[in-house]
Amino acid sequence: MSDKTALIQPDRGQKAVSIHLVDKDGLEKFVKGIGVPQRALLDAARFDGSAGEYVILPDEDGWQVVAGVADAGTLSPWCLAKLAEKLPAGTYRRVGAEPGAAAFGWILGQYAFDRYKADADEEGPRVLLTAEPAQIDAITAEAEAVMLVRDLVNTPAEDMGPAQLEAEAEALHKAFRAEIRVTRGDVLERDFPMVHAVGRAAGRSHAPRLIELEWGDPKHPRIAVVGKGVCFDSGGLDIKPGAGMLLMKKDMGGAAHALALARLIMSAQLPVRLHVLVPAVENAISGNAFRPGDVLRSRAGITVEIGNTDAEGRLILGDALTRAGEDAPEFIIDFATLTGAARVAVGPDLPALFTREDATADALLAAGKAVDDPCWRLPLHDGYREYLKSDVADINNAGSSGFAGASTAALFLDRFVPKGTDWAHFDTFAWRPTAKPGRPKGGEALGLRAAWHMLKARYA
């Protein structure tokens, strides 16, 4: 992950290129305040104040930037991202007001995943000044958390297997003096049998494990953050077609979200007792792969008939959620790239949100809306539990009806969360199929900031 800590700096009156942000309502007033040659250049560029447009104009110090935004009085997180991508390297200052929320997109506008490129872009940093230095650390921390998710998801599975997820957790352990436990081998088979079953067909270098971090004062409210860590999903013996496997390096996106959220919680010293759980596996194919029709016994003692080996994420989450609930947390949140059905329902931009409590859903939806990280609530409808019935076991891992795939997956998870525990489940895509300013095609944090701002509001 690139170091972006210096892209937002305190304004001490240093020399900087001016950025004038105007919307359509304010364009006429702005034009009256500039010279005739500058007006001519604006006219020649057909600049009308539309969001995303910008023009470079001469001024007495050299040049300045005039950029259109939807509302100059209330900036979105992304309205400066295009400028951060396109402008020359240098130092910039917004004229007449602070960048506010747009500083976040200024940082992410300069993100690039170039780990495997011989000719990485060496344009140099575009630095934005602010007279609100107290906001810099919080904005930078959120941007770095998003970049962490992007980097982890973008990395191919050969270089981002269970061992590499463990290394990321180890880095958090060292940085924040968190406790770390990793369960693998025979102990994993005994204590987390569904995690072991899903991951046992992988090669030794990608052997399955359950990664746990604990941090914070035990006297503080206990919360658990769980992330699906399927580092590559072939589908198992119910093998995916080639097109379906193409993006499966991103199937550990839930784990990436969980680790990034943990980093935000710990760096902000949020007064909670944090428990992070990442079941890390590769759903591979070999002679010892688990099979359709097998019956697995879970950590909770619930028996699970395997209706489809490609519904593996809910299996490993079942064991992890069981472990999370054993220490009686007051809140559990999980992130998972769990179902294609969620994408059919709400598309790639919106994580599907499931909660037991209306107030928890309302808080997450409001937080997401406030920071432009929207999510959409789908139902945990009791009437759909019958779709998970099994003739030979307590539950089947694949819904039998073909309907409500995201809801039935969430209901499967619900069986492994203790009754009465406040719980939220994000079925996220963790990927952006088309680029937008500040949001390149590739791995993406979707639901991360909504969860973080909800937790800050609840526990800060």
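Student: Leaving aside its neighbours within four places in sequence, which residues is Trp106 in contact with?

Tutor: Trp106 is in contact with Leu7, Ile8, Ile19, Leu80, Leu83, Ala84, Leu87, Tyr92, Arg126, Val127 and Leu128, where contact means heavy atoms within 4.5 Å. Please note that this is a predicted model, in which local features need pLDDT of at least 70 and side-chain atom pairs count only at pLDDT 80 or more, while totals for chains, interfaces and linings use all residues. Residues are numbered from 1 along each chain as its sequence is written, and side-chain values use heavy atoms, with hydrogens and water left out.

Student: Which residues touch the most other members of the largest nonpolar core?

Tutor: Trp106, Leu165, Leu261, Ile265 and Leu274 do, in a core of 83 residues. A nonpolar core is a set of buried Ala, Val, Leu, Ile, Met, Phe, Trp, Tyr and Cys residues joined through side-chain atoms within 4.5 Å. Buried means under 20% relative accessible area, exposed over 50%, and partly exposed in between, with a 1.4 Å probe and protein chains only. Apart from this core lies another, of 35 residues, among them Val195, Ala197, Leu315 and Leu411.

Student: Back to Leu80, then. Where is Leu80 found?

Tutor: Leu80 is found in the loop between strand S4 (62-68) and helix H3 (81-86). Helices (H or I, at least four residues) and strands (E, at least two) are DSSP runs, numbered from the N terminus.

Student: Is Leu80 buried or exposed?

Tutor: Leu80 is buried, with a relative accessible area of 1%. Not counting residues up to four places away in sequence, Leu80 touches Leu21, Pro99, Ala102, Trp106 and Leu128.

Student: What does the side chain of Gln110 reach?

Tutor: The side chain of Gln110 reaches the backbone oxygen of Trp106 at 3.4 Å. A polar contact is a pair of N or O atoms within 3.5 Å; within protein, one must be able to donate a hydrogen and the other to accept it, and residues adjacent in sequence count only if both atoms are side-chain atoms. Gln110 lies in the loop between helix H4 (102-108) and strand S6 (126-130), and Gln110 is buried at 10% relative accessible area.

Student: New topic: H6. Which residues of H6 are buried?

Tutor: In H6 (residues 162-176), the buried residues are Pro162, Leu165, Glu166, Ala169 and Leu172. Seen down the axis of H6, they fall within an arc of 115°, so they line one face of the helix. The arc is that of the directions from the helix axis to the C-beta atoms. On the other side of H6, Lys174 and Ala175 are exposed.

Student: What do the buried residues of H6 pack against?

Tutor: They pack against strand S7 (179-184), S8, S10, helix H10 (253-267) and S11.

Student: How many residues of S11 are buried?

Tutor: In strand S11 (residues 273-283), 11 of its 11 residues are buried. In a regular strand the side chains alternate between the two faces of the sheet. Both faces of S11 are covered, with Leu277 among the residues on one side and Val276 among those on the other.

Student: Which way do S8 and S11 run, parallel or antiparallel?

Tutor: S8 (residues 209-215) and S11 run antiparallel and are joined by 7 bridges; two strands pair if DSSP finds at least two bridges between them. Glu212 stands opposite Leu277 in S11. S9 (residues 222-227) runs parallel to S11, with 5 bridges, and Val225 stands opposite Val276.

Methods
The expected span of a helix is 1.5 Å times one less than its number of residues.
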